[in-house]
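Please look over the structure shown here. A short report on its chains and their interface follows.

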Amino acid sequence: MNPMIGDTLKALRIADVSPQGMKAWAGFLRDPNPLHLDPRAVAAKGLGERVINQGPANLAYVISMLQSAFPGARIDTLEVRYVDNVFGGEAVEASGRVLELSGGDDAPQIKCEVWLRAEARGPVITGTATLTLAAIR
Amino acid sequence: MDPLKPLPDAPSVAGISLSGKTPYVISADENRALCATIGVAPAEDGSAHPIYFYIATQIGMGMTVAELCKTCDFDVEDGPMITSTKVGFSQPLMTEVLYQVTGEILGLIRKLSRKLGVMDMLEYELRLSLPDGTAVLKTTNVWVLPRRHLS
């Protein structure tokens, strides 16, 4: 592949953020926070009626999008802001845009704007990532 | 809260160690299960999903999130909110490898927010290294701790 400044990265779409997945992430994170497990706990906090996806799970979608967009690349840095929640059953889409290219053919580097958007609402993660791509031969 | 009245000081916690005592290992089985929740295949070369930068440091640090909140005189039940994360990788994360976590609290800054009232911004840095000290990554997280009882 030959990325160009301004290119939009191929999106990773999650059609249905699964409450079952949140239960699994509660185990990965050793975090039994009921906001991720029990809709009644979410309602009691006045945050809505559906369980809330873990922030790192949302970030994992962005990372997997980058890995899919640039196979074999190494992620060097990632800097993100968590600007909103993702709720159980929502559809989200991770994507990004190429901002800078540098480093030459042996170790080409790329800087991208990245985001995760809840399809019906808007951005939930925004940020930037830098990657070192496989050498161009 | 009277906006003209000075805010009480935030607890003094900068410099408190978050270094873990027990090494963290990314299980290949767990990595496979995590990748399944995202709908992607695990890497065939033994590397872990890069999101383990967050998981490994968070679990391997010397405190749970609840204990970290308590150190800041904050009850985790009051709803801490992560607001930003940055990470710099020196090398990829691998499954079935021992990792050591070191780190410390960088600061706790009290602010008055129009939306949340009085809140503290907690910033802490965690580093992951191999047992021989080789650096693997450095990450910084910022959390908002809403201090509703002060608002």
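## The model and its conventions

This is a predicted model, in which local features need pLDDT of at least 70, side-chain atom pairs count only at pLDDT 80 or more, and totals for chains, interfaces and linings use all residues. Residues are numbered from 1 along each chain as its sequence is written, chains are lettered from A and ligands numbered from 1 in the order in which they are written, and side-chain values use heavy atoms, with hydrogens and water left out.

## Chain B

Chain B has 3 helices and 5 strands. Both kinds of element are DSSP runs, numbered from the N terminus: helices are H or I with at least four residues, strands are E with at least two. The C-alpha atoms of chain B fill a box of roughly 60 × 35 × 25 Å along the principal axes.

The mean pLDDT of chain B is 93, and 97% of its residues reach 70 or more. pLDDT is the predictor's confidence in each residue, from 0 to 100. In chain B, strand 1 (residues 24-25) has the highest confidence, at 98. Helix 3 (residues 65-71) of chain B has the lowest, at a mean of 93.

An open sheet of 10 strands has the order 1(A)-3(A)-4(A)-5(A)-2(A)-2(B)-5(B)-4(B)-3(B)-1(B), with antiparallel pairing. Strand 1 of chain A and strand 1 of chain B stand at the edges, each with a single partner strand, so one side of each is left without a neighbour in the sheet. Two strands pair if DSSP finds at least two bridges between them.

Within chain A, strand 3 (residues 92-102) and strand 4 (residues 109-118) pair in the antiparallel sense over 10 bridges. There, A94(A) stands opposite L116(A) of strand 4. Strand 2 and strand 5 (residues 122-132) of chain A are also antiparallel, over 8 bridges. R81(A) has T126(A) in strand 5 as its bridge partner.

Strand 2 of chain A is joined to strand 2 (residues 81-89) of chain B by 5 bridges, and the two run antiparallel. V80(A) stands opposite T85(B) in strand 2 of chain B.

## Where the chains meet

In contact (heavy atoms within 4.5 Å) are 24 residues of chain A and 24 residues of chain B. The two chains bury about 2100 Å² between them, 66% of it on carbon and sulfur atoms. Buried area is the accessible area (1.4 Å probe) that two parts lose on being put together, summed over both. W25(A), F28(A) and Y82(A) supply 27% of the area that chain A buries against chain B, more than any other three residues.

How many salt bridges link chain A and chain B? The count is 1. The side chains of E30(B) and R30(A) form this salt bridge, at 3.5 Å from N to O. The term means a side-chain nitrogen of Lys or Arg within 4 Å of a carboxyl oxygen of Asp or Glu.
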